[in-house]
Amino acid sequence: MFDENWDIVMMFLRMNTQWEMSFGGVVGLKYEVLLLAGGLFDLYNVENRQEMLEGLQLMESVALIEINKDKK
């Protein structure tokens, strides 16, 4: 059922050290690590970059809610 999302999950895990921080806490992923020439999209030969990026953004939004839930 979730096999089609496996590549997105694995890329999200590869990004686990690439969170952008501010004085208020975690604000999001550093997408340049994916998108720049020689980045993770190139390294892992991602064919459908739009689908991957949209999946990562969805996972990021849910993760940010969880990460920052105690900040309010």
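## Surface and overall build

How much accessible surface does the protein have, and what share of that surface belongs to carbon and sulfur atoms? The accessible surface is about 5400 Å², and carbon and sulfur atoms account for 58% of that area. Please keep in mind as you look around that this is a predicted model.

The protein has 4 helices and 2 strands. Taken along the principal axes, the C-alpha atoms fill a box of roughly 40 × 35 × 15 Å. Of the 72 residues, 31% are buried. Among contacts with a separation of 6 or more, 52% involve residues 24 or more positions apart.

## Confidence

The average pLDDT of the protein is 93, and 97% of the residues reach at least 70. Confidence is highest in α3, with a mean of 97, and lowest in β2, where the mean is 93.

## Helix α1 and its two sides

Let us turn to helix α1, which covers residues 6–14. Its buried residues are I8, M11 and F12. Viewed down the axis of α1, these buried residues fall within an arc of 105 degrees, so they line one face of the helix. W6 and D7 sit on the other side of α1, where they are exposed.

What do the buried residues of α1 pack against? Their partners include both strands by name, β1 (19–22) and β2 (25–29). They also pack against three helices: α2 (32–35), α3 (40–43) and α4 (49–67).

Is T17 buried or exposed? Its relative accessibility is 59%, and because exposed means over 50%, T17 counts as exposed.

T17 also makes a handy landmark for a distance across the fold. T17 and K30 are 13 residues apart in sequence, while their C-alpha atoms are 9.4 Å apart in space.

## Charges

How many positive and negative charges does the protein have? There are 6 positive and 12 negative charges. The mean position of the positive charges and that of the negative charges are 10 Å apart.

Technical notes
Residues numbered from 1 in each chain as written. Predicted model: local features only at pLDDT ≥ 70, side-chain atom pairs only at ≥ 80, totals over all residues. Heavy atoms only, no water. Buried < 20%, exposed > 50% of the residue type's maximum accessible area, 1.4 Å probe, protein only. Arc of directions from axis to C-beta. Contact = heavy atoms within 4.5 Å. pLDDT = per-residue confidence, 0-100. Areas by Shrake-Rupley, 256 points an atom, 1.4 Å probe, with all protein chains shown as cover. Lys, Arg positive; Asp, Glu negative; His and termini not counted. Charge placed at Lys NZ, Arg CZ, Asp CG, Glu CD.
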